[in-house]
Each structure stands twice: as C-alpha cells, then as structure tokens.
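Student: I have a model open and want to go through its side chains. Can you walk me through it?

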Amino acid sequence: MRKGSLKNSRVNEEVLRALSDIIRNDIKDPRISIMTSVVKVSVAPDLKTAKAYISVLGSEKEKENTFKGLKSAEGFVRSALAKKVNLRSTPVITFVEDDSIEYGVRMSHLIDELNGRNEDKGEADDEA
C-alpha cells in the first residue's frame, strides 16, 4: 500500500475514528483531559506504526498529564483498536502533540478583537 493511496487514506480515517472513540469513551484515566481531540492519524503503508496527532485545549499541566495518561494507556489503546478496526496487523501508536486547534482558537479571538476595535473606530467616525 502506498503512502498517498486511497486505501491508505481510508485506513487513516478509520483509525482516526476508532482512536477518537477509544479516547473519549473507553479510557478511564483521570489524567486525560476531556478537551482532547485526535486531529490526524498517519498510518505507515506497512501498517506497523501510526502517528496520532493529539490536540489538548487547556493549560500546559493538563497537556502534560494527558500525554502521560495516553503514554501509559498505549497497550490498552492498541488492543481496543485491534477489536474495532480489522487490519492485518494493529499498528504501534505514537502520540504526537498538535496545537493546531488551540492556534485556530487564538487566531479567531485576535480577529474578533480586531473587528471589535474597527467597529468602535467606525462608530467614533460616524459621530464626528
């Protein structure tokens, strides 16, 4: 299976859905934040390894605890993934921090702030 093939894309999507469900519903570790999202999954063409890009909204301490919890649950996650997704071999999962959601929220707040300033400036111009 090639890296950019349709089959690889489908496997990535299926593993992403299953991982999201496992993290949200099956893992009972209190260290894992409820604001944890699986952003992207990249499964190697040989199905031996996978990188799961995880985004956690919250403080640095919450992020750190979440990744510690995920690291300790790797075996459980892999066995649960084997039950949910029918693959030739279940990949070894590496959790990678992804701050794209947090970055997007921060940019959205900055844009809203700028729009608020422009509206205030426009109202001041109308009064003059």
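This is a predicted model: local features need pLDDT of at least 70, side-chain atom pairs count only at pLDDT 80 or more; totals for chains, interfaces and linings use all residues.

Tutor: We can go through charges, contacts and a few loop residues in turn.

Student: Fine. How many salt bridges are there?

Tutor: The count comes to eight salt bridges.

Student: Start with Glu14. Which residue does it form a salt bridge with?

Tutor: Glu14 pairs with Arg17. Their closest N and O atoms are 2.9 Å apart.

Student: Where do Glu14 and Arg17 lie?

Tutor: Both lie in helix H1, residues 6-26. They are three residues apart, about one turn of the helix.

Student: And Glu14, is that buried, partly exposed or exposed?

Tutor: Glu14 is partly exposed, because its relative accessibility is 35%. Arg17 has 51%, so it counts as exposed.

Student: Next one. What does Lys63 meet in a salt bridge?

Tutor: The side chain of Glu60, at 3.6 Å from N to O. Lys63 and Glu60 both sit in helix H2, residues 60-72. The spacing is three residues, about one turn of the helix.

Student: Is Lys63 buried or exposed?

Tutor: Buried. Lys63 has a relative accessibility of 6%, and the cut-off for buried is under 20%.

Student: What about Lys71? Which residue is its partner in a salt bridge?

Tutor: Glu74, with 3.7 Å from N to O. Lys71 is exposed at 54% relative accessibility. Glu74 is partly exposed at 24%.

Student: Now the surface. Which residues form the positive patch?

Tutor: Lys7, Lys48, Arg78 and Arg88.

Student: Where is Arg88 found?

Tutor: In the loop between helix H3 (74-84) and strand E3 (92-97). Arg88 is exposed, with a relative accessible area of 71%.

Student: Which residues form the nonpolar patch?

Tutor: Val39, Ile101 and Val105. Together they have about 180 Å² of accessible area. Ile101 is found in helix H4. Its relative accessible area is 33%, so Ile101 is partly exposed.

Student: Back to the loop between H3 and E3. What does Thr90 touch?

Tutor: Leu47, Arg78, Leu81 and Ala82, leaving out residues up to four places away in sequence. Thr90 lies in that loop. Arg78 also belongs to the positive patch.

Student: Thr90: buried or exposed?

Tutor: Buried, because Thr90 has 18% relative accessibility and buried means under 20%.

Student: Leu47 was on that contact list. What is its phi?

Tutor: Near 65°. That is a positive value in a residue other than glycine. Most residues other than glycine have a negative phi.

Student: Where does Leu47 have its place?

Tutor: In the loop between strand E1 (36-43) and strand E2 (49-56). Leu47 counts as buried, at 5% relative accessibility.

Student: Last pair. What separates the C-alpha atoms of Asp99 and Ser79?

Tutor: 27 Å, and the two are 20 residues apart along the chain. Asp99 is in the loop between E3 and helix H4 (100-127). With a relative accessible area of 46%, Asp99 is partly exposed.

Key: Residues are numbered from 1 along each chain as its sequence is written. Side-chain values use heavy atoms; hydrogens and water are left out. Patches are made of residues with over 30% relative accessible area and no salt bridge: like charges are joined within 9 Å, nonpolar side chains (Val, Leu, Ile, Met, Phe, Trp, Tyr) within 5 Å. Accessible areas come from the Shrake-Rupley method with a 1.4 Å probe; for residues, only the protein chains shown count as cover. A salt bridge is a side-chain nitrogen of Lys or Arg within 4 Å of a carboxyl oxygen of Asp or Glu. Lys and Arg count as positive and Asp and Glu as negative; His and the chain ends are not counted. The place of a charge is taken as NZ of Lys, CZ of Arg, CG of Asp or CD of Glu. Helices (H or I, at least four residues) and strands (E, at least two) are DSSP runs, numbered from the N terminus. Buried means under 20% relative accessible area, exposed over 50%, partly exposed in between (1.4 Å probe, protein chains only). Contact means heavy atoms within 4.5 Å.
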